[in-house]
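Subject: Two-chain model, handover

Hi,

Here is the structure for your next look. Please open it first, then read the notes below.

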Amino acid sequence: MALDLYAEDIVSHYEHPHNAGVMKDADASFHNYNASCGDDITIYLKLDKDKITDIKFKGTGCAVSVASASMLTDFAKGKSLKDVEGMNVKTIIGIIGIDPGPARLKCATLSLRTLKEAVFLYEHKEADRETKAL
Amino acid sequence: MKQDNMHETFDVERIRSDFPILSTKMNGKPLVYLDNAATSQKPNQVIESISNYYRTYNANIHRGIYAIAVEATDAYVDSKVKLAKLVNAKGMEEIIYTRNTTEAINIVALGWGGANIKQGDHILITQMEHHSNLVPWMLLARRNGAVLDYVKLDESKSMLDMQSLEEQLENEPKIVAVTHVSNVLGTINDVKHITRKAHDHGAVVLVDGAQSAPHMQVDVQDIGCDFFTLSSHKMLGPTGIGALYGKFDILDKMDPVLSGGDMIKSVTFSDVTWNDLPWKFEAGTPDIAGGIGFGAAIDYLNGIGMKSIRDHEKKITKYALEKLSGIKHLKTYGLGKEDLERRGGVISFSIDKVHPHDVSQVFDSEGIAIRAGHHCAMPLVEEILGESAVSRISFYLYNKESEVDRAAQAVELVKKTFKVG
């Protein structure tokens with residue numbers, strides 16, 4: 001994986017992430033940590049029944065993980081909880097527009113895993129195996 | 001005499017020609033390998049020694065009566081004799097082959113520690129340790145109800161604080177375990193001094209030599225330590241083999257950790273007598289090919305001379321520190337270029353605003369292998385340096401200044417990509 005990983009939009013999302021910040025009155029949230037990178041993220045959701053009306057994230061990480069979180073949170077706004085449950089690796093690769101390769105896949109999927117875990121926790125469900133493997 | 005001679009003719013290009021991987025490409029660019037603290041590359045001599053064993057005299061060692069079994073046994077034992085000489089052990093009886101440094105430390109923690117560490121005892125390590133010289137002691141402390149203490153780093157965040165050592169030794173620790181060279185900071189600790197101080201307080205001393213044995217002359221008798229550990233794969237040898245050096249009398253009193261074949265003298269249905277050292281600690285068929293390959297690696301290192309290797313690394317480290325210190329928005333960790341006597345060829349660094357994994361990725365695209373992360377020293381990187389991760393360049397005998405130049409160019413590319421400065 002060469003420099004196309006740092007396409008202009010990834011770098012600009014990293015520099016100016018969308019939906020960044022803490023949500024104090026969140027209906028659902030989840031914190032996650034990627035020990036091998038030191039990446040750290042919390043995702044907050046505001047819900048209207050099963051629709052995501054607002055979403056924020058707070059965290060630190062590499063360009064790939066921060067830009068993915070930025071783009072994923074844009075994408076998830078307005079989606080239903082069921083939509084989120086159905087998201088997978090392909091979803092995130094589609095959103096960021098490139099396959100980050102095996103060495104960086106975990107950076108790209110951290111935000112998606114966190115979002116899905118937040119939703120499962122809210123629904124009092126155990127996260128499925130696919131989510132845990134993200 | 002031979003070494004002095006070699007020193008004058010230290011020929012990096014000739015050395016490089018022995019390492020087939022160094023003429024390959026990564027991502028279409030000539031490979032620049034700067035991740036030697038993680039593992040070293042292997043010369044043809046090592047690769048061929050392993051291949052030759054499997055092709056021409058593959059047999060299990062020890063009890064074989066036939067010629068190739070004897071040949072394999074000799075080659076495996078010879079490797080230990082070579083290693084004993086390299087680190088100046090009294091004999092190969094003091095050299096136990098393990099999978100790696102980690103396993104060697106675990107043998108001490110389980111074997112020696114299991115028998116000697118009691119409720120309320122203190123175990124002393126340092127804030128500079130790799131997880132391999134930290135987690136086994138943490139587990140031992142939990143298991144046996146002991147207290148794990150740490151020698152602090154001084155204000156420079158580069159060296160162990162000798163005042164802190166003195167204070168911690170007042171707790172009369174049973175064992176002191178310390179790294180010889182830090183895999184993050186490159187600092188060379190004065191392990192001879194630390195050993196003497198620890199012995200004054202009655203402690204047993206383990207020195208983790210994973211980052212020193214490949215790069216400098218090591219004399220375990222001069223250091224005076226009771227245990228010394230190292231890994232073959234960081235010193236031109238194959239993976240899967242490392243060593244535990246222990247003083248004969250201590251090893252002799254220790255019970256084995258793993259048991260089974262090869263490590264016994266006699267077994268009845270009710271009792272067992274251990275084999276002689278070092279075999280008492282090597283249960284089952286060992287990594288014979290690994291041992292033979294390690295022997296070839298030691299031959300190679302001796303052919304160049306450990307002093308010459310150290311001198312070469314000092315030069316390239318100085319060059320790199322000078323080059324990097326001139327780059328804006330880049331910060332290096334550890335001692336500076338004026339302290340090369342106390343510093344090995346490991347340089348950790350960070351670039352403002354850019355995550356080390358992104359740095360490493362851009363380097364990769366330029367064909368340059370460096371490591372990024374906490375380098376298996378999370379408490380040091382996070383709690384002392386205050387970073388979630390850092391990037392690391394680490395040198396070996398085959399690295400040259402033009403490779404440092406390419407790394408410096410890659411830093412500029414990182415800065416350009418991430419609009420730093």
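Chain A has six helices and three strands. Both are DSSP runs, numbered from the N terminus: helices are H or I with at least four residues, strands are E with at least two. From the N terminus, the order in chain A is α-β-β-β-α-α-α-α-α. The radius of gyration of chain A is 14 Å, close to the 14 Å from the globule rule for 134 residues, so chain A is as compact as a globular protein of that length. That radius is taken over C-alpha atoms, and the rule is 2.2 Å times the number of residues to the power 0.38.

On provenance: this is a predicted model, where local features need pLDDT of at least 70, side-chain atom pairs count only at pLDDT 80 or more, and totals for chains, interfaces and linings use all residues. Residues are numbered from 1 along each chain as its sequence is written, while chains are lettered from A and ligands numbered from 1 in the order in which they are written.

More on chain A. Its C-alpha atoms fill a box of roughly 40 × 30 × 25 Å along the principal axes. Of its 134 residues, 43% count as buried (20 or more other C-beta atoms within 10 Å of a residue's own, with C-beta atoms placed from the backbone). Take the contacts in chain A with a separation of 6 or more: 62% come from residues 24 or more positions apart. A contact means C-beta atoms, placed from the backbone, within 7 Å.

Now the contact between the chains. Chain A gives 14 residues and chain B gives 13 residues. The chain A side has nine nonpolar, four polar and one charged residues. Nonpolar covers Ala, Val, Leu, Ile, Met, Phe, Trp, Tyr, Cys and Pro; charged covers Asp, Glu, Lys and Arg; the others, Gly among them, are polar.

In chain B, start with helix H4 (residues 67-86). Its 20 residues reach 28 Å from first C-alpha to last, close to the 28 Å expected at 1.5 Å a residue (1.5 Å times one less than the number of residues). Buried residues of H4(B) include B:Ala72, B:Tyr76 and B:Leu83. The buried residues pack against H3 (44-56), S4 (95-98), S10 (242-246) and H11 (288-304) of chain B. B:Asn88 follows H4(B), with a positive phi near 60 degrees.

Last, a hairpin. Strands S11 (residues 264-267) and S12 (residues 272-274) of chain B pair antiparallel over three bridges; pairing requires at least two DSSP bridges. Four residues join S11(B) to S12(B). B:Val267 stands opposite B:Val272.

Best wishes

Note on methods. A residue is buried if 20 or more other C-beta atoms lie within 10 Å of its own, exposed if 12 or fewer, and partly exposed in between; C-beta atoms are placed from the backbone. Two residues are in contact if their C-beta atoms, placed from the backbone, lie within 7 Å.
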